[in-house]
Amino acid sequence: MPSSSATQRIRRLDAVRRGAAATMHVARTAITPSLRGQAAHSTLISTATYSPWLTDPAYRSFASRIADFTLLDEMRLYELWQLAGQVGHLEGDAIEVGCWRGGAGCLIASRLDQGSAASTMFLCDTFTGVVKASGQDSVYQGGEHADADEGAVHDLIHRLGLTSVELLVGIFPEDTGAPVADRQFRFAHIDVDVYGGAKDSFAWLFPRLVVGGIVVFDDYGSSATDGIRSFIDELQGHPDLAVVRNLNGQAVVVKRGSTRSGL
Ligand SMILES: C[S@@+](CC[C@H](N)C(=O)[O-])C[C@H]1O[C@@H](n2cnc3c(N)ncnc32)[C@H](O)[C@@H]1O
């Protein structure tokens, strides 16, 4: 039997949650005009409160140094930080397809450098913007996010003191996959905004992903990137992988312990 003070505390929390739920309902439906008419979209506000990125000193210290070099919010960055911290026991390199100004990729590289075997983090970008937009993508048309340059990413890598990060410049995988084709990977971040780019990157990567390796897709939950959502939903039910969609809008794919791969 819980004590009466514990029961009172739970009752108080329940009342706060009910109040919060009502406020959130209003907030969720007061969404930006661009989302109106998209029945499956609302502004996501969770009733969960635990926010470990606010107090994790190692994360905070590194994130403050890359904040101006990424489009990702803290919750997505912290998810990458946490997941990259869980592949230290695996062999293999890491890769980010779509690094833009390099912030998120450097964060992953730094986390992988802590307490695990030496590996290389490859940062891939065209540096001329998004490619392979198609009929599967209703917003992106190609050429977006061209406001990044290779030299600035090199400078960031140098300033952060990262020695195991390499840039692959061009369309991945067609232009830049060959030099790393004989590698194995334990972690990947695919942030390319469109269906064709996500599909081609994953098809190249999955056979080279070690069992237990993790691929994080950005943009699953964004209204502007319906092509990414379509691709992830196609992966659902594949026996060689598990897919987790989180409230941050990412989709996390973990390779299961099978050598079969129909991809
Ligand atoms: C949203 S931005 C990436 C944001 C970045 N990950 C961050 O942390 O802010 C998408 C990037 O993907 C790049 N891109 C898209 N498709 C690509 C492909 N197939 N190969 C290489 N880069 C690609 C674009 O040039 C663009 O810089």
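This is a predicted model: local features need pLDDT of at least 70, side-chain atom pairs count only at pLDDT 80 or more; totals for chains, interfaces and linings use all residues.
Trainee: Which residues come nearest to the ligand?
Mentor: Thr70, Leu71, Gly98, Trp100 and Ala104, out of 23 residues around the ligand.

Trainee: And which elements give two or more residues to that shell?
Mentor: Helix H4, residues 103-113, and strand S2, residues 121-125.

Trainee: How does the shell divide into nonpolar, polar and charged?
Mentor: The shell around the ligand has 13 nonpolar residues, seven polar and three charged.

Trainee: Back to H4. How do the axes of H2 and H4 cross?
Mentor: At roughly 150°, and they come within 9 Å. H2 covers residues 57-66.

Trainee: What does that make H2 relative to H4, roughly parallel or roughly antiparallel?
Mentor: Roughly antiparallel, because the cut-off for that is an angle over 145 degrees.

Trainee: Is the crossing left-handed or right-handed?
Mentor: The crossing of H2 and H4 is right-handed.

Trainee: Which residues make the contact?
Mentor: H2 brings Phe62, Ala63 and Ile66. From H4 come Gly103, Cys106, Leu107 and Ser110.

Trainee: New topic: strands. In what sense do S6 and S7 pair, parallel or antiparallel?
Mentor: Antiparallel, over five bridges. S6 is residues 241-245, and S7 is residues 251-255.

Trainee: What is the bridge partner of Arg245 in S7?
Mentor: Ala251.

Trainee: And which residue takes a positive phi in that hairpin?
Mentor: Gly249, with phi near 100°. The hairpin of S6 and S7 has five residues between the strands.

How values were computed
Residues are numbered from 1 along each chain as its sequence is written. A residue is near a molecule or strand if its C-beta atom, placed from the backbone, lies within 6 Å of it. Helices (H or I, at least four residues) and strands (E, at least two) are DSSP runs, numbered from the N terminus. Ala, Val, Leu, Ile, Met, Phe, Trp, Tyr, Cys and Pro count as nonpolar, Asp, Glu, Lys and Arg as charged, and the others, Gly among them, as polar. Axes are lines fitted to C-alpha atoms, for helices over the stretch in contact, and angles run from 0 to 180 degrees between N-to-C directions. Angles under 35 degrees count as roughly parallel, over 145 as roughly antiparallel, 65 to 115 as roughly perpendicular and the rest as oblique. A crossing is left-handed if the near helix is turned anticlockwise from the far one by less than a right angle, and right-handed if clockwise. Two residues are in contact if their C-beta atoms, placed from the backbone, lie within 7 Å. Two strands pair if DSSP finds at least two bridges between them.
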